[in-house]
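This report is a guided reading for someone meeting the structure for the first time. It goes from the overall layout to the sheet, and then to charged pairs and the surface.

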Amino acid sequence: MTPPHQHSYAQFRLISAQELEAFCYPKTLAFRLRSWLERTLSGMKTILFSSSDLEVWHTYDANGHLSWSAYDPITRNAIHRVSDTEIRVWIEQRHRMPHR
């Protein structure tokens, strides 16, 4: 008797890319419609619920020192682990930019 961990490779066969695609990605109309609808709704959710508000947060390092970070979703600029003075300057420069 063959031990359970030894398998006969004769039972395995290579399949073509088309067979794999047909197995993994059914091409039915209902599947394509549902997939399109999910992508569309996800995109709409991102557009409708994304915020353009400046995100600012603080953290403490291992020694207990406070630092500040911020992210501007409009310009996609960020600043990390800076002093309170540096974060204030960064925020003030954000409001002077012509896109506002």
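A residue is called buried when its relative accessible area is under 20%, exposed when that value is over 50%, and partly exposed in between. By this reading R94 is buried, because its relative accessible area is 5%. The model described here is a predicted one, and the values that follow are computed from it.

## Overall layout

The secondary structure of the protein comes to three helices and three strands, and, read from the N terminus, these elements follow one another as α-α-β-β-β-α. Of the 100 residues of the protein, 9% count as buried. The protein exposes about 9100 Å², and carbon and sulfur atoms supply 59% of that area. Among contacts between residues at least 6 apart in sequence, 17% join residues that are at least 24 apart.

## The sheet

The three strands form an open sheet in the order β1-β2-β3, with antiparallel pairing. Because β1 (55-60) and β3 (77-82) stand at the edges and have a single partner strand each, one side of each is left without a neighbour in the sheet. From one strand to the next, the twist averages 15 degrees.

Strands β1 and β2 run antiparallel and are joined by six bridges, and in this pairing Y60 stands opposite L66 of β2. The hairpin of β1 and β2 has five residues between the strands, and G64 there takes a positive phi near 85 degrees.

Leaving aside its neighbours within four places in sequence, S67 is in contact with W57, H58, T59, R81 and V82.

## Charged pairs

Side chains of opposite charge can pair when their charged atoms come close. How many salt bridges does the structure hold? There are three salt bridges in the structure, and they are set out below.

| Salt bridge | Distance, N to O |
|---|---|
| R34 and E38 | 3.3 Å |
| D72 and R94 | 2.7 Å |
| D84 and R88 | 3.8 Å |

The salt bridge of D72 and R94 ties together parts that are 22 residues apart in sequence, because D72 lies in strand β2 and R94 in helix α3 (residues 84-96). D72 is buried, with a relative accessible area of 1%, and R94 is buried as well, at 5%.

R34 and E38, being four residues apart in helix α2, are separated by about one helical turn. R34 is exposed, with a relative accessible area of 54%, whereas E38, at 48% relative accessibility, counts as partly exposed.

D84 and R88 both lie in helix α3, where they too are four residues apart, about one turn of the helix. D84 is partly exposed, with a relative accessible area of 36%.

Which residues make the nonpolar surface patch of about 930 Å²? The patch is made by L33, W36, L37, L41, M44, I47, L48 and F49. One of these residues, L41, has its place in helix α2 (residues 29-49). L41 counts as partly exposed, because its relative accessibility is 48% and the word covers values between under 20% and over 50%.

Technical notes:
Residues numbered from 1 in each chain as written. Predicted model: local features only at pLDDT ≥ 70, side-chain atom pairs only at ≥ 80, totals over all residues. Heavy atoms only, no water. Pairing = 2+ DSSP bridges. Helix = DSSP H or I, 4+ residues; strand = E, 2+ residues; numbered from the N terminus. Axes fitted to C-alpha atoms, helices over the stretch in contact; angles between N-to-C directions. Patch = residues over 30% accessible without salt bridge, like charges linked within 9 Å, V, L, I, M, F, W, Y side chains within 5 Å. Areas by Shrake-Rupley, 256 points an atom, 1.4 Å probe, with all protein chains shown as cover. Salt bridge = Lys/Arg side-chain N within 4 Å of Asp/Glu carboxyl O. Buried < 20%, exposed > 50% of the residue type's maximum accessible area, 1.4 Å probe, protein only. Contact = heavy atoms within 4.5 Å.
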